[in-house]
Amino acid sequence: MLVSNMNRTRPIDGELLKLKEQIETYALEYGLNFNPVIFEVCDYDTVNILAAQGGFPTRYPHWRFGMDYDQLSKGYTYGLQKIYEMVINTNPCYAYLLNANHWVDQKTVMAHVFGHADFFKNNFWFKNTNRNMMDVMANHGTKIRRYMNKFGQDKVELFIDRVLSLENLMDINVLFETPDIKRHRDELHKLAKEELTNGTDDDERSQALKSFMKSKQRDNAKKKLPKISLQTELESEAAFELDFGLPTKDIMSFLMNFAPLKEWEADIIGILREEAYYFLPQRMTKIMNEGWASYWHSTIMTKKALAASEIIDFADHHAGVMAMGKKQINPYKIGIELFRDIEYRWNTGKFGKNYLDCQDMREKNLWDKNLGLGRQKIFEVRASHNDITFIDEYFTPEFCERMQIFTYKFNPRSGRNEIEGRDFIGIKQKLLSQLTNFGQPVIEIVDANFGNRSELQLRHIHYGADLDQNYSGETLKNIYSIWRRPVHLLTIVENQSMQYSFDGKEVKTIGNK
């Protein structure tokens, strides 16, 4: 079991504290706006522990954190990777510095951290993030440890394993729910669950009478619910009409509310779901977030903070972070270059109808309206976009050509990755498909009473990539263990409709469903 200790970090002092105040002043002068940032310094082993646990030192115990720690430690030992810093999206914002960093690295890291802190506070996708997550994670860890002591570590850990296999099946719309809407939705779930329970009552009343009584209870209950808006009211009606708010992509929420769970099991699903949604905006903005932080560490260092003797070291380390291979994109590189490209285009006026309609290539190349709107524009982009909309709107043919971004394919005859295509549309579509749900399948629950047998039916929303049958089968088994009734999954395989089913014994495949 991986154990971490907050005493392994210490607040910065002395020269580091003075440096922090200096870099913070530069960041504020450039217009960055962030919550207070607390820097702490630690050794590399502690940074590995923190990184393995998502930056939170008091999370629940689980073997995957130990596995991640082992991987990070070996990567550092063999010189394959190095973590310069960690920054946590809380208020105040915590950042951890590696005590072995060179002085120029500490400068760079601090400037980078203030870029992240600005992004966390101002990007729309982080709007409803719980900024008190350090305490929340600690409470979650305490709860799960108590459950392990009471019910047995192996039993609780096995249940956590099953739930974690579903943590990528989320609905991004949940990020924008206000507290009022959440309470309203919880009331709907409570009423639906009561209806589900009442439906199993064995009494002598006729089906018609029971149906009438349920209808009256439902109408009376809906009258008691707070009215948020016309849209919410319509959604409430739909929730009752479509049976417990289906279809839904929020798999964990549905199971937490309607599966036949013990109290501790439902609580653990709620804990893991809350943590998954806390990290979701960071997953959705990886390119933008790292690009924004890199843009500002580059700007602050080259314009303000660098001493003449530090230029070579900074350039060397910065180039290492920005290096991009053929197998995958580097979010730092793509992000910073896109922000620079946007700034250049809005400074020179290379946007809008007049520029796009211009057919004279020489005029286009020399186009410069001297608008000076670039800095304002990148702040606007930082505030409103996620990675998909960022790439979709600002990834242009000119940018693609200048960055020499191609699609690659492994050639077994030569044993190398070789350029497969230079077509801009194909490159952009492939990049967007990799970012859509982080390259993972989009699944929704469509029926909680499939075949009128309380069986669960799910649907794979197909975006061109077929499901991996082995992973699908294991996921169905995990959902079955929570729902405790057969589970079915509709999908498309090689352009043919397919249904995978698990009844507790074996995974079955049925075609043309």
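Partly exposed, in this talk, means a relative accessible area between the buried limit, under 20%, and the exposed limit, over 50%. Asp45, at 29% relative accessibility, therefore counts as partly exposed. The structure itself is a predicted model.

Let me start with the charged pairs. The count of salt bridges comes to 23. I will go through three of them.

One is the pair I opened with. Asp45 and Arg8 form a salt bridge through their side chains, with 2.5 Å from N to O. Asp45 belongs to helix 2, residues 44–52, and Arg8 to the segment before strand 1, so this contact ties together parts that are 37 residues apart in sequence. Arg8 has 34% relative accessibility and is also partly exposed.

Next, a pair at helix 1. Glu29 and Lys304 meet in a salt bridge, N to O 3.5 Å. Which parts of the chain does this pair link? Glu29 is in helix 1, residues 14–29, and Lys304 is in helix 12, residues 286–305; these are distant parts of the chain, 275 residues apart. Glu29 is exposed, with a relative accessible area of 52%. Lys304 is partly exposed, at 39% relative accessibility.

Lys304 has another contact to mention. It lies over the face of Tyr30, at 5.9 Å from the ring centre.

Is Glu337 buried or exposed? Glu337 is buried, its relative accessible area being 11%. Lys333, at 21% relative accessibility, is partly exposed. Arg340 comes in here as well: salt bridges with shared partners join Lys333, Glu337 and Arg340 into one network.

Now the aromatic side chains. The count of aromatic pairs comes to 31. Trp296 and Phe379 form one that is tilted, with 5.8 Å centre to centre and 55° between the planes. This pair, too, links distant parts of the chain: Trp296 is in helix 12, Phe379 is in helix 17, residues 374–384, and the two are 83 residues apart. Both rings are on the buried side of the limit. Trp296 is buried, with a relative accessible area of 0%, and Phe379 counts as buried at 17%.

A second pair to look at is Trp346 with Phe351. How are these two rings arranged, stacked or tilted? They are stacked: 4.3 Å centre to centre, with 5° between the planes. Trp346 is buried, with a relative accessible area of 12%, whereas Phe351 is partly exposed, at 26%.

Ring pairs link Tyr30, Trp292, Tyr295, Trp296, Phe339, Trp346, Phe351, Phe379, Phe390 and Tyr394. Tyr30, which I asked you to remember, is in that list, and its ring is the one that has Lys304 over its face. Lys304 in turn is the salt bridge partner of Glu29.

One more contact between a charge and a ring. Lys369 has its charged end over the ring of Trp367, 4.7 Å from the ring centre.

To view this on the model, go from Glu29 to Lys304, then from Lys304 to Tyr30, and on into the ring cluster.

Key:
Residues numbered from 1 in each chain as written. Predicted model: local features only at pLDDT ≥ 70, side-chain atom pairs only at ≥ 80, totals over all residues. Heavy atoms only, no water. Salt bridge = Lys/Arg side-chain N within 4 Å of Asp/Glu carboxyl O. Helix = DSSP H or I, 4+ residues; strand = E, 2+ residues; numbered from the N terminus. Buried < 20%, exposed > 50% of the residue type's maximum accessible area, 1.4 Å probe, protein only. Phe/Tyr/Trp six-rings, centres within 6.5 Å; stacked < 30°, edge-to-face > 60°. Lys NZ or Arg CZ within 6 Å of the ring centre and 35° of its normal.
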